[in-house]
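Hello,

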Amino acid sequence: MMYQHELSALAKSNRMRTRKIYDEALMDFSSNDYLGLAQNETLFQRTVTQVSMYKTHAPKASIVVNGYHPIHQEFEEFLARNNGFEAGMVCGSGFLANFSLIEALPRKKDLLILDEEYHASGMVAAKTVDAHVLLFAHNDANHLEHLINTHSYNRIIIAVEGIYSMSGDLLNREIFEVANRYNALLIVDEAHSVGVLGDNLRGVFDLFNIIPEANHIKMGTLGKALGSYGAYILCSNHIAEFLQNRAKAMIYTTAPSLFDIALGYQGFLYLMRHKTKLKAEIEKRQSLVLQHLDIRMEGLICAYPWRREGMLCRCKMRLCTKVF
Ligand SMILES: Cc1ncc(COP(=O)(O)O)c(C=O)c1O
């Protein structure tokens with residue numbers, strides 16, 4: 001039993017993970033299906049119809065070999081147009097999208113600075129780079145700027161989240177200003193903010209009314225509010241070209257599933273059609289949490305403090321807003 005020592009330590013500290021099939025009748029406070037789209041039959045049927053129009057239903061190869069499909073292209077163009085970016089690129093998952101960005105963009109002599117609460121996908125990727133890697137205090141624009149001013153660099157790459165998955169906090173807007181002041185590339189992981197924040201539910205760029213510039217990179221997942229699986233990166237044409245040639249997690253992997261991308265596309269169209277109703281439902285849930293738990297939620301995820309065996313734990317609570 002080669003890993004018994006480590007597994008026993010996990011069990012002892014109550015951190016053992018399990019895989020369970022949950023009863024669908026239970027009320028769900030643990031998944032990221034924020035808008036209930038994973039159960040929307042109409043979107044599923046529309047996706048079946050769309051994918052059925054093509055001779056092949058699987059990508060078969062890497063996106064830079066011959067796995068690129070009209071379903072990918074149409075969705076990328078839609079996303080870029082709708083979010084004000086020059087280019088869009090689909091990825092297999094949010095983990096792969098973050099890994100692609102953070103493994104490829106920081107080169108030797110560059111400075112990579114991540115928020116200390118950045119998602120594990122970015123933290124793992126940061127271990128693979130030649131650049132100087134630093135963490136800044138969570139959401140602290142002053143600390144970020146201090147790190148920039150006290151280190152030498154060729155390029156600067158900053159990585160932050162729109163709504164933090166660990167704490168539920170909203171991104172500090174001043175970080176955009178710091179990034180722009182130093183012409184740093186700013187990666188904004190919008191996994192938990194797309195579909196939840198902003199006038200058009202497009203996330204923090206939308207909420208803060210920020211028009212994307214050449215140094216901005218937005219990454220989003222389809223596995224959360226969009227009720228599918230997969231991810232995308234929005235950026236300038238220049239960055240897209242670089243990623244296409246250097247991001248190993250995009251090059252050396254099969255192109256994303258056609259069905260999942262088409263389903264995510266349907267999710268976005270749904271968001272556009274129903275944004276007023278959805279925004280009202282999101283606000284309703286946030287005010288219920290405020291009223292009953294005294295927690296002001298910025299999005300639909302929060303870290304809820306509770307006691308387990310005398311220890312103060314943080315339990316992540318997600319609210320699903322099923323309105324159809
Ligand atoms: C902030 C954040 N980024 C990225 C990911 C990874 O996304 P995916 O589940 O699509 O791989 C997650 C998922 O847990 C996340 O919470």
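Among contacts in the protein between residues at least 6 apart in sequence, what percentage join residues at least 24 apart? The figure is 71%, with two residues in contact if their C-beta atoms, placed from the backbone, lie within 7 Å.

This is a predicted model: local features need pLDDT of at least 70, side-chain atom pairs count only at pLDDT 80 or more, and totals for chains, interfaces and linings use all residues. Residues are numbered from 1 along each chain as its sequence is written.

The protein has twelve helices and nine strands (DSSP runs, H or I of at least four residues for helices and E of at least two for strands, numbered from the N terminus). Of its 324 residues, 45% are buried (20 or more other C-beta atoms within 10 Å of the residue's own; exposed means 12 or fewer, partly exposed in between; C-beta atoms are placed from the backbone).

Helix α2 covers residues 41-52. Its buried residues are L43, T47 and V51. Seen down the axis of α2, they fall within an arc of 65 degrees, so they line one face of the helix (the arc is that of the directions from the helix axis to the C-beta atoms). On the other side of α2, the exposed residues are E41, T42, Q45, V48, T49 and S52. The cover over the buried residues of α2 includes α11 (258-273).

The ligand is surrounded by 14 residues, the closest being S93, G94, F95, S165 and A191 (near means a C-beta atom, placed from the backbone, within 6 Å). Helix α4 (residues 94-104) gives the most to this shell, with three residues.

Regards

Note on methods
Expected span 1.5 Å × (residues − 1).
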